[in-house]
Amino acid sequence: MMQQDLEYNLDDRKQTILKVIISNYLETGEPVGSRTISKLSDLNLSSATIRNEMADLEELGYLIQPHTSAGRIPTDKGYRFYVDKVMSEKEESQRKEGALLERVDKLEALLMQVAKVLAYNTQYATMVTTPQLRNKQVKFIQLSQVDDEELVAVIVVGNNIAKNQLIKVSRPLSNEEVLKFNILLNTFLQGISVDQINLELMQTMKKEAGEYADILESIFEGIIDAVKEAEEMKIYTSGASNILRFQELGDVSKATALLETFEEQTGLNQLADETLKSEDGEHNIQIYIGDEAPVQNMKDCSIITSTYQLPEGAKGTIGIIGPKRMDYRKVVSTLKTLTDELDTIFRNKETRGEDNG
């Protein structure tokens, strides 16, 4: 989880009061006063004593008093206390029975379904990225003739992602010539990483191709286009309008900026990259609260991200974005359940020898 290495030097009474305030605010979204705390806790303290403790917690930076309200709401530091302390005290004991995901065969359809299921189950905004593999390598290239003017190239990269590319040729090629191109391409490109495919390599291959250099150049450019497409990270989102339901995010300028972030996706790319850089446990659960968020337009939100992994190591990011008073325990539990299901799906696909592309 996203840790700030905070020292929580709070006695048991302050911790109990802080837990009650945060839990109640997560549920109601309303500032919490001393009378509410006395009803919801077993502290048997007077309202005056509770108010003094709340004042201390405010001075320590865990609470803030909005406007002239008698109640308090958590600060980012208060939410961080909740995430680090309260959630670690008790893991969700039961997982929901039954699969969250219906069976789907194509990775794209599966990831779109993940985004929708998460948005529906949590009622927050969600994002899911396609898997990325660092130092992605070309595994195999196969050229076949379509007709006298076109070839089709099948390029397999990284974690068995296959891309098809139609390539125009200046003249008809015999089967023997197509075979020679296949041998040449796989000899030079098989096993090398994508970032090693450059102009210098193409010039070397053109010399090797001799009289076929002009045709090779067309083929090479088509392959580069396909490889670049395979490298691009796609992001599927769902439930962006859910964030408008929360009063604290309903300000027109804040809501507009958030919705633009989901539409333009630049910030979501940044969030995905930040998640993939960090390694913390099997599914790399990260929790960003308020100013911890790596995306500027999400500084008023909380973000919980997780990673999923394909059998050959490619990783993708799953993210849930909501108000700071989100139901952290439910979101983390749902993410763990869903990533476990994804692991099972991908393992089964590998066992059956299916392509994830």
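Author: Let's start with a term: a salt bridge is a side-chain nitrogen of Lys or Arg within 4 Å of a carboxyl oxygen of Asp or Glu. Keep in mind that this is a predicted model, where local features need pLDDT of at least 70 and side-chain atom pairs count only at pLDDT 80 or more, while totals for chains, interfaces and linings use all residues. Residues are numbered from 1 along each chain as its sequence is written, and side-chain values use heavy atoms, with hydrogens and water left out.

Reader: Okay, how many salt bridges does that rule give here?

Author: Side chains of opposite charge can pair when their charged atoms come close. In this model the count is 14 salt bridges. One of them joins Asp11 and Lys14, at 3.8 Å from N to O.

Reader: Which residues are linked with those two in a network?

Author: The network of salt bridges links Asp11, Arg13, Lys14, Glu53 and Asp56.

Reader: Is Lys14 buried or exposed?

Author: Here's how to read that: buried means under 20% relative accessible area, exposed over 50%, and partly exposed in between (1.4 Å probe, protein chains only). Lys14 has 12%, so it counts as buried, whereas Asp11 is partly exposed at 40%.

Reader: And where do Glu176 and Lys180 lie?

Author: Helices (H or I, at least four residues) and strands (E, at least two) are DSSP runs, numbered from the N terminus. Glu176 and Lys180 are both in helix 6 (residues 175-189), 4 residues apart, which is about one turn of the helix. Their side chains form a salt bridge at 3.9 Å, N to O. Glu176 is exposed at 54%, and Lys180 is partly exposed at 48%.

Reader: What does Glu177 form a salt bridge with?

Author: Its partner is Arg171, with the closest N and O atoms 3.7 Å apart. Glu177 is buried at 15%, while Arg171 is partly exposed at 32%.

Reader: Now the strands: what is the order in the open sheet?

Author: Two strands pair if DSSP finds at least two bridges between them. The open sheet here has 5 strands in the order 7-3-10-9-8, with antiparallel pairing. Strand 7 (235-238) and strand 8 (286-289) are the edge strands, each pairing on one side only.

Reader: How many bridges join strand 8 to strand 9?

Author: There are 4, and the two strands run antiparallel, with strand 9 covering residues 301-309. If you want a spot to look at, Tyr288 has Ile303 in strand 9 as its bridge partner.
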